[in-house]
Amino acid sequence: SITYIGICKMKEKDFLEFAKKYPVFTTKQVAAAIGDMNYSKVALSKATDKGLIRRLKRGCYTVHEDPVIYASHIYHPSYISLWYAFQYYGTTTQLPVNIEVMARRNEVVDNVLFIKTIEMWGYKQVDYNGYGIFMAELEKAIIDSIVTERVPVDEVRNAVVMCNMDTLERYSLRMPVSAIKKIGHVAETAGHPSDILYERIREDRNYTTYYAAEPGNRWRVKK
């Protein structure tokens, strides 16, 4: 027998084919597909109850189990960074428990951790299992990791060794002086001192804090 979703008389098979096309889909998208907003709400409620789809937030759903597919599509703009970005670029073998996403808010949705930032740049769209996802460039993931202090410094140093230092310097110069000091210090302890970054902060006499600061450094970074 044919199974329908809700009272909208949309075949279950057709609905799932529709839903699989998107990392996430919204109530409005379903309403546009079946032609009725009220029916679409009922359909989505029934599909959720049956376990065919998962509700990520109000009006936002997915059929995918892999959070990497939908993590950077729940909020716009946003992009995957930190641990998963390092794994993506091959600088670490550690598997992150949660997908960390830089966004304009702090929130946890499903197993996606959103981390607030105003520095919404330095990312790109990449292909992941046939879906476009938004991923930090390696150099921006390094900056995000230092600023948020959410990745151990040894992992950050590994990433610095593998990154494009010219890009890291160029991106770092877009950051506040306090962040530049931390980035320059970590890069130097990874064996990549930057005279360009040091020149930018040389006249600033203020100290900034970083949990992994090494004593006696020239960057005025302390624990």
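Guide: A residue is called buried here when its relative accessible area is under 20%, exposed when over 50%, and partly exposed in between, for a 1.4 Å probe and protein chains only. The model is predicted, so local features need pLDDT of at least 70 and side-chain atom pairs pLDDT 80 or more, whereas totals for chains, interfaces and linings use all residues. Residues are numbered from 1 along each chain as its sequence is written, and side-chain values use heavy atoms, with hydrogens and water left out.

Visitor: Is C60 buried or exposed, and what is its relative accessible area?

Guide: The limit for a buried residue is under 20%. C60 falls under that limit and is therefore buried, with a relative accessible area of 4%.

Visitor: How many disulfides does a search of the whole structure find?

Guide: A disulfide is a covalent bond between the sulfur atoms of two cysteines. The criterion applied is a pair of cysteine sulfur atoms within 2.5 Å. C163 counts as buried at 12% relative accessibility. For disulfides, the search of the whole structure gives a count of zero.

Visitor: What is the radius of gyration of the protein?

Guide: The protein has ten helices and 13 strands, which are DSSP runs numbered from the N terminus (helices: H or I, at least four residues; strands: E, at least two). Its C-alpha atoms fill a box of roughly 75 × 30 × 25 Å along the principal axes. The globule rule, 2.2 Å times the number of residues to the power 0.38, is compared with a radius taken over C-alpha atoms. For 223 residues the rule gives 17 Å, and the protein is more spread out than a compact globule because its radius of gyration is well over that value, at 22 Å.

Visitor: Which residue lies over the face of Y75?

Guide: A charge sits over a ring if NZ of Lys or CZ of Arg is within 6 Å of the ring centre and within 35 degrees of the ring normal. R218 lies over the face of Y198, 4.4 Å from the ring centre. Over the face of Y75, at 4.0 Å from the ring centre, lies R105.

Visitor: Which residues does L173 touch, not counting those up to four places away in sequence?

Guide: L173 is found in the loop between α8 (165-172) and α9 (177-189) and is partly exposed, at 37%. With contact taken as heavy atoms within 4.5 Å, and leaving aside residues up to four places away in sequence, L173 touches I180, I196, L197 and R200.

Visitor: Where is L82 placed?

Guide: L82 is not a glycine, yet its phi is positive, near 55°. At 0% relative accessibility, L82 counts as buried. Its place is in helix α5 (residues 82-88).
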